[in-house]
Amino acid sequence: MFESIAFYVFSILTIVSFVVVVTTKNALYALSSLAAGMILISGFFFLLNADFLGVVQIVVYTGAVMALYAFGMMFFDTTTDLTEKHGNPKAVFALSGMIALLLVVMLLAPIASSHVSALYPMVEGVGNSEAVGMVLFTKYLIPFEVAAVMLLVAMIGGIILAGKKMDESLTLSEQGEGQ
Amino acid sequence: MEKYLYIALFAPLLGSLTAALFGARPKTLFTGLWTSALLAVSWISSILLFLHVYADPSANVVHVEMMNWISAGNLSIPFGFVVDQVSVTMMIVVTTVSTMVHVYAIGYMSHDKGFNRFFSWLSAFVFSMMILVMSDNFAGLFIGWEGVGLCSWGLIGFWYHKQSASWAASEAFIMNRIADLGMLIGIFLIYWNTGTLQYDEAFAAMNDLEHALLITIGAFLFVGAMGKSAQFPLHTWLADAMEGPTPVSALIHAATMVTAGVYLVIRANPLYDLIPEVGYVIASLGAFVAIFAATMALVNRDIKRIIAYSTLSQLGYMFVAAGLGAYWVALFHLMTHAFFKALLFLGAGNVMHAMNDELDPFKMGGLYKVMKPTAILMILASVALAGIYPFAGFFSKDKILEVAFNGDHYILWGTLWVTAGLTAFYSFRLIMLTFFGDERYKKLGFHPHEAYSYMLWAMAPLAVLAAIAGFFEHAFVDFVTTLLPSYEFHTHHVEMILIAVTSTIALLGIGTAVTIYRNGMLHPKWMENPLYKLFTNQYYIPQFYEAAFSKPYKELSIIFWKQIDMKIVDATVDLVANTFFNVGTQTRGVQNGNLSTMLRWMALGLTLLLTFGLIFVVAATLLG
Amino acid sequence: MITLNHYLVLSGLLFSIGLVGVLRRKNLLMLFFATEIMLNAVNIGFAAISNHYGDLSGQMFAFFIIAIAASEVAVGLGLLILMYKRKSSVDLDALTTMKG
C-alpha cells in the first residue's frame, strides 16, 4: 500500500515539475523544477529496489549536472522573462499528444511474456549495491572502462571549449564580445 | 543497254547536285553549261535506248531492278525501271525539250542572281520526271510524281521575294497534294486487292477483280491525274503558275509535268479498258476543260496566261483521246504538243525579255520589225497549234477529232470542233496583238531587242520538230501499238470530210483573228460585255475558292491555334511544369535549417512509426 | 497494485513531456533541460523492467545512460558557450543560416 501511495505521489509531483520545466517563461523556475524532478526520479529508483541507481542519480544528476546547468544560467539575465517565438504551438501539442497517446496505448497492454528470462539475475542475499558491483566489474567491465575514458574526454573537451581565454573574465568582457 | 538507262536517269541528278553546290553563290556560267551538257548526255542515251527498243519492240524492252526498296512481309517494292515503247517516247520528249530549255535558260536567266539555284532545281525536275516515266511500279511513279510536284513548287516560287510567286507556288503544290490523296487511295486499293504494285502483275490481276472496285480504283487514280494535269476543278494553279520564269513554264507547264496525268492514264490503259464508263467521264471532262480553257484564253491580257490556258485546253484534248480508249493518239498529241507549246513559251519569253518583263499584249504591237526570228518561230508554233497541214498539230488534233466522231460521241466532237476554232482564234489574236498592228509600245517607252542568238538556236530544233513530227505518225503508230492497244477507226469513209471541216474552222479562226486585230485592239465597248467579264475573271472560280475554302480553312486554323493549341495543349504542359514547381516551393520549408523545425519533423516521423507499429501489432495479434 | 505497466505508462508520459519541451523551446539551454527529462524518463522505464524481471541489465543500462548524459551536458554546455560568444544569443532561430 505504501508503495502505491508513494508511486502516485511521486509520479504526480514529477509530472508537474517537468511540465513546469517545459512551459515556464522564467529560466530559474525551469532550473529549479528540473532539479526537483531529478530528486523525485531518484525516489522512483528507490521504490524499484535500485538503491545504487537512486544514489547515483542524486549524486550525478542532481549534483553535478544541475550544477553545470546552473553555471550555464549565467548567460541569462534571469530577471527578465524568456521571450521565445513559438510558431504554431498547437501543432506541437497535437504531435506530442499523439505520441503520448500511442505510447500509453501500447504500454497499457498486458505484458505477459513468459519467454523473457533474466540475463543477469539478481543474486539472493546481497544488497543492491553489492549486486551491482558484482555485475559491473565483471560482466560490464568493458563498457565501464569505456565510459570512464569518455568522461575524461568530455571533461577535457569541456574545458577546452569553454575556457579558451582563461585569463579573461567572460562577464566583464561581455560587451566587447561577439566573435 | 542497261548502262544507258542509268545514264539517262542519273545524268540530270548529277547535274542538279553539282549545281546545288553553287546554289548560294552568284552566277557561274559553268553551272548552266554543265547541267545542259549532262542533259544532252541524257538525251543521247534516250535516243540510243529508243533506237534499241525500236529495232525489236517486243523483245528489246529494257527492264532493270536497281535495288530493293521496301521489303516488309508481303510488301515488296523494288526500285525498278523499264524502258518500253511508252516510256521511251516520253523520255525522248522530256529530254529533248529539257535540253533545249536548259540552253535557252542560260540566256534567259543570265542576269538573275539565282542562276545556279535555277539550274539545280531544273535538273532535279528532269530527274524526277525521268523517274516518273521510267518506273515500273506505282510506288516509283508516285515518287516521281511527288518529285516533280516539289520541283515545280521550287521553280514557280523561284523568285520567292515576290509574294505572288510564293503564293502561286504554294497553290500549285497544295492543289497537287489534294489530288495526290486520291491517287494514293487508288494505289492503296491496287495493292490491297492485287498484292503488288508492279505494273504488269497488277494489271494482270485486275482482270479478276469486280467491276465496282475497278471503277473506284480508276476514279481515284484519275483524281490524281486531275491535279497534275490541271483538269477542272483543280485547274486554277496552272494559270497562276505563270509567276515562274518562262523556261519553267515551257518545260513544266507545257511539255512535261502537266502531261504526267495523261501518262498515268496511258500507262494504266489495261485498267481503263476494263471500265469504259470511267473513260467516258474522263473524256467528257476533258472536252469540257478544252472549251472552258479556250474561252478564258480568248480575252486574257497576259501572253503567258493565254498560252497556259491553251495548254489546259490541249490537255483536255489528250484526255478525250485517252478516255475514249485511243491511247496512242493521246500519246502522239502529247508529243507534238510538247514541241510546239514549248516553242510558244520560249518565244513568249523572248518577247518578255525584250519588253522588260511586260506581259500585256495590249502594250505591245508591231514587234515583228524588231524581232523577226522570234516572230517567225512563234507564228510557226501557233500554226502548228491551230492544226493546219502540214504541221504536227494537224495530224494529232485531227486524229482526236476522228476518235470522238468514231465512237459516235457527237457532242464531244462538236465541243472539240468549236474549241479548235477558238484555239486558232486566240493563238493568232496573240500573234497579231504582239507582233503586228500599231506599235503601242513606243508610247510607253520600251526599247525591245532580239534575244541572244544561241537562245534562238535552242528554239530551232523544237521548231523543226513541230513542223515535221506529224509525218512520223505511221511509224509511231506501228511502234507504240506493240504495247498499247490499237484503236479501230470505222470512219475511213468520212475521214476526208472531217479533215476538211476541221481545217475550215481552224482557218476561219485564224482569218477572224487577223481581220479583227489587224489594226490594233478591240473596241473597248466589247469589254463591257458580261460574257467578256465572265471570261476575264476566269468564271469567278478563284474568288469562289477563296471564299469557300481558303477563308474558312484559315478561320479554322486560327481557332485551332488560339483556342486549342495555346489554351489547351500549352496550358496542360505548363500545368504539369507549374505543379512541380509549386510543389517544390511548398516543400522547401521542410529544410529551412531551423533546429526546431527539424525536431518537429522528427517527432512527426516518430508518430507515424508508432502508429504503424501499433496497427501492425494489433493486426498480428488479432489475426494470430 | 503497481504493476510494470504503471511504471511504463509513467515513463511514456514523462517522455512525451520531454518531447513537448524539445519541440517547443527555442532557447538552447531550455532545450537541454528537455533532453534531460527525456533521458530520465527512459531511465525509469529501464529500472522498472529490471525490477520486474529480476534482471540487473536494466539498471546497468540506466547507469550508463546517466554517465553519458553527464558527459553530454559537459560538452554541450561548452559548445553553448562558444555559440554565445559568436552570436551573442542562445536563441535557436539565431542558429539558422539557411534562408529557407
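**View 1. S87(B) is buried, with a relative accessible area of 0%.** This is a predicted model. Because buried means under 20% relative accessible area, S87(B) falls in that class. The residue sits in helix α3 of chain B, which covers residues 85–108. The side chain of S87(B) reaches the backbone nitrogen of D84(B), at 2.8 Å. What does S87(B) touch, leaving aside its neighbours within four places in sequence? The contacts are V82(B), V133(B) and R267(B).

View 2. Six helices of chain A each supply at least two residues to the side that touches chain C: α1 (2–23), α2 (27–47), α3 (51–72), α4 (89–108), α5 (128–136) and α6 (141–162). Which of the helices gives the most? It is α1(A), with 13 residues. By class, this side of chain A has 63 nonpolar, 17 polar and five charged residues. In total, 85 residues of chain A and 66 residues of chain C take part in the contact.

**View 3. Eight residue pairs are in polar contact between chain A and chain C.** Both residues of each pair have pLDDT 80 or more. The count of salt bridges between these two chains is zero.

**View 4. Chain B and chain C bury about 970 Å² between them.** Carbon and sulfur atoms give 65% of this area. The side of chain B that touches chain C has three nonpolar, five polar and two charged residues. Ten residues come from chain B and twelve residues from chain C. How many residue pairs are in polar contact across this interface? There are three, with both residues at pLDDT 80 or more. Zero salt bridges are found here.

Conventions:
Residues numbered from 1 in each chain as written. Chains lettered and ligands numbered in written order. Predicted model: local features only at pLDDT ≥ 70, side-chain atom pairs only at ≥ 80, totals over all residues. Heavy atoms only, no water. Contact = heavy atoms within 4.5 Å. Buried area = accessible area lost by both parts, 1.4 Å probe. Salt bridge = Lys/Arg side-chain N within 4 Å of Asp/Glu carboxyl O. Polar contact = N/O pair within 3.5 Å; in protein donor to acceptor, adjacent residues only side chain to side chain. Nonpolar A, V, L, I, M, F, W, Y, C, P; charged D, E, K, R; others polar. Helix = DSSP H or I, 4+ residues; strand = E, 2+ residues; numbered from the N terminus. Buried < 20%, exposed > 50% of the residue type's maximum accessible area, 1.4 Å probe, protein only.
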